[in-house]
Amino acid sequence: MSRLLIIVGLLLVVIGLLWPVIEKVGFGRLPGDIVIERGNFHFYLPLGTSLLVSVILSLIFWILSR
């Protein structure tokens with residue numbers, strides 16, 4: 001279990017470091033993401049991105065558990 005947590009933590013760090021590159025490709029502004037900008041107020045709710053990440057992680061963990 002501890003090895004899995006370390007791997008997941010390292011993956012999150014790598015994704016965090018690569019996020020500017022990933023965002024330029026278009027990931028992070030998917031259809032379904034809610035963006036509200038009014039004056040000095042900026043609100044971003046990544047629903048589409050969250051769903052996609054959830055599906056991908058579910059598939060990865062399902063494959064690894066087999």
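Modeller: A residue is called buried under 20% relative accessible area, exposed over 50%, and partly exposed in between; I apply those cut-offs here to a predicted model.

Colleague: Why is Phe61 called partly exposed?

Modeller: Phe61, whose place is in helix H2, has 39% relative accessibility, and because this value falls between the limits of 20% and 50%, Phe61 counts as partly exposed.

Colleague: What makes Phe61 part of a nonpolar patch on the surface?

Modeller: A patch takes residues with over 30% relative accessible area and no salt bridge, and joins nonpolar side chains within 5 Å. Phe61 has 39% relative accessibility, and Phe61 is listed in the patch with Met1, Leu4, Leu5, Val8, Leu12, Leu52, Val53, Ile56, Leu57, Ile60 and Leu64, which together have about 1,100 Å² of accessible area.

Colleague: Which helix gives the most to the nonpolar patch?

Modeller: H1 and H2 each supply at least two of the patch residues, but H2 gives the most, with seven residues.

Colleague: Why is Ile34 called partly exposed?

Modeller: Ile34, which is placed in strand E1 (residues 34–38), has 34% relative accessibility, and because that value also lies between 20% and 50%, Ile34 counts as partly exposed. As for its surroundings, the C-alpha atoms of Ile34 and Leu47 are separated by 7.0 Å, with the two residues 13 residues apart along the chain.

Colleague: How do you know what kind of residues form the lining of the largest pocket?

Modeller: The pocket holds about 490 Å³ of space, and of the 16 residues that line the pocket, Leu11, Ile15, Val53, Leu57 and Ile60 are the closest to its centre. Leu, Ile and Val all count as nonpolar because the classes are set by residue type, and the lining as a whole divides into 15 nonpolar residues, one polar residue and no charged residue.

Colleague: Which elements give two or more residues to that lining?

Modeller: Those elements are helix H1 (2–25) and helix H2 (47–65), and the largest share of the lining, eight residues, comes from H1. For the nonpolar patch, by contrast, H2 gives the most.

Methods
Residues numbered from 1 in each chain as written. Predicted model: local features only at pLDDT ≥ 70, side-chain atom pairs only at ≥ 80, totals over all residues. Heavy atoms only, no water. 1 Å grid on protein atoms, 1.4 Å probe; cavity = no way out; pocket = protein on both sides within 12 Å on 5 of 7 lines; lining within 4 Å. Points joined across faces, edges and corners; volume = space filled by probe spheres on them. Helix = DSSP H or I, 4+ residues; strand = E, 2+ residues; numbered from the N terminus. Patch = residues over 30% accessible without salt bridge, like charges linked within 9 Å, V, L, I, M, F, W, Y side chains within 5 Å. Areas by Shrake-Rupley, 256 points an atom, 1.4 Å probe, with all protein chains shown as cover. Salt bridge = Lys/Arg side-chain N within 4 Å of Asp/Glu carboxyl O. Buried < 20%, exposed > 50% of the residue type's maximum accessible area, 1.4 Å probe, protein only.
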